[in-house]
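Morning, everyone. Please look at the screen, and I'll take you through a few contacts.

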Amino acid sequence: MTLLDAPRKAAPAAKVRAAVRPARRGGQVLRWTALRLLALAVLVAAWQAVVAAGIWPRVLVPAPADVWRALVRASTVHEGVRGVSGHLLAEHLAVSLRRIATGTGYAALAGVPLGLLIGTVRPLAVVLEPAVTFLRTLPPLAYLSLLVIWFGIDESPKIWLLVIAALPPITAATAVAVRGVPGDLVEAARALGAGPVSTLFSVRLPAALPEILTGVRIAVGIAYTSVVAAETINGVPGIGGMIRDAQRYNQTDLVVAGLLAIGVSGIVLDALFRGVERAAVPWRGRA
């Protein structure tokens with residue numbers, strides 16, 4: 001075999017490897033999916049076994065079948081009643097997701113510029129970082145009552161609560177990411193004549209974008225955990241308001257159904273956001 005023949009023989013091998021790679025990925029996805037389904041089946045079986053053992057009353061720990069019936073009841077029109085409190089489960093969930101998107105969106109609009117300033121202007125960091133840390137340590141219920149006094153019981157206090165909950169992680173992630181940009185990139189931009197503003201938007205911001213998106217993703221999760229607190233005040237329609245009303249009437253099956261709806265939608269939302277991250281920063285994780 002001559003040196004000229006080597007590329008010809010290597011090309012079919014490369015094509016074979018390229019064809020095998022998707023099949024391997026597909027097989028791995030199937031295996032992970034099967035493992036997750038198995039874990040879910042074991043969990044449901046253990047849940048049913050606890051209920052069957054009668055350790056706790058059914059009013060405290062409903063059976064999986066009871067929760068399923070509550071899910072069906074909340075998602076359909078039964079005996080002339082539309083879902084729960086006049087709204088279907090999907091409608092409750094959609095309202096809560098809209099509130100989360102609005103609150104997180106406003107937090108990102110304020111938190112990213114604030115984080116850029118904290119990460120690049122040292123005097124502002126000295127003044128603003130303690131304030132961001134202060135907000136981050138406050139539990140949502142601690143200031144919900146104050147927001148209700150200020151803004152009433154309509155949508156405003158709910159949105160403000162979610163904004164305040166989501167703002168600190170976005171700001172902190174942005175500041176840390178900007179500070180962590182390699183100095184040689186900044187020096188190279190300056191050597192090419194870029195000013196402070198141009199360096200910020202052409203070098204620092206793109207380099208920090210993966211960590212900023214991670215901060216936004218974390219903020220979405222925090223806002224989701226805070227929405228139940230936000231909806232304890234006039235929160236119907238809303239998944240948190242639905243759970244609160246079910247708790248008042250000891251409808252444990254509906255409470256668990258609402259929690260499951262929150263958890264599943266949170267998994268889907270996180271997966272969608274990870275897809276956005278991969279599309280927006282395809283260079284992440286690559287050398």
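How many residues apart are Asp 270 and Arg 274 in helix α10, and what does that mean in helical turns? They are four residues apart, so about one helical turn separates them. Keep in mind that this is a predicted model.

Now the contact itself. Asp 270 and Arg 274 form a salt bridge. Their closest N and O atoms are 3.2 Å apart. Buried or exposed? Asp 270 has 26% relative accessibility, so Asp 270 counts as partly exposed. Arg 274 has 33%, so Arg 274 counts as partly exposed too.

Next, helix α2, residues 64–75. Here Arg 69 and Asp 66 meet through their side chains in a salt bridge, 2.3 Å from N to O. Both residues lie in α2. They are three residues apart, about one turn of the helix. Their surroundings need a separate look. Arg 69 is at 47% relative accessibility, so Arg 69 is partly exposed. Asp 66 has a relative accessible area of 14%, so Asp 66 is buried.

Stay with α2, but move to Arg 73. The side chain of Arg 73 meets that of Asp 253 in a salt bridge, 3.9 Å from N to O. This pair links distant parts of the chain. Asp 253 sits in helix α10, residues 252–280, and Arg 73 sits in α2. That puts them 180 residues apart. Asp 253 is at 18% relative accessibility, so Asp 253 counts as buried. Arg 73 is at 28%, so Arg 73 is partly exposed.

How many salt bridges does the structure hold? Ten. There is also a network of salt bridges, and it links Arg 99, Glu 155 and Glu 231.

Helix α3 covers residues 89–120, and helix α9 covers residues 239–248. Their axes come within 7 Å and cross at roughly 125°.

Which residues of α3 make the contact? Leu 89, His 92, Leu 93 and Ser 96. From α9 come Ile 239, Gly 240 and Met 242. The residues of this contact divide into four nonpolar, three polar and no charged.

Terms used
Residues numbered from 1 in each chain as written. Predicted model: local features only at pLDDT ≥ 70, side-chain atom pairs only at ≥ 80, totals over all residues. Heavy atoms only, no water. Axes fitted to C-alpha atoms, helices over the stretch in contact; angles between N-to-C directions. Helix = DSSP H or I, 4+ residues; strand = E, 2+ residues; numbered from the N terminus. Contact = heavy atoms within 4.5 Å. Nonpolar A, V, L, I, M, F, W, Y, C, P; charged D, E, K, R; others polar. Salt bridge = Lys/Arg side-chain N within 4 Å of Asp/Glu carboxyl O. Buried < 20%, exposed > 50% of the residue type's maximum accessible area, 1.4 Å probe, protein only.
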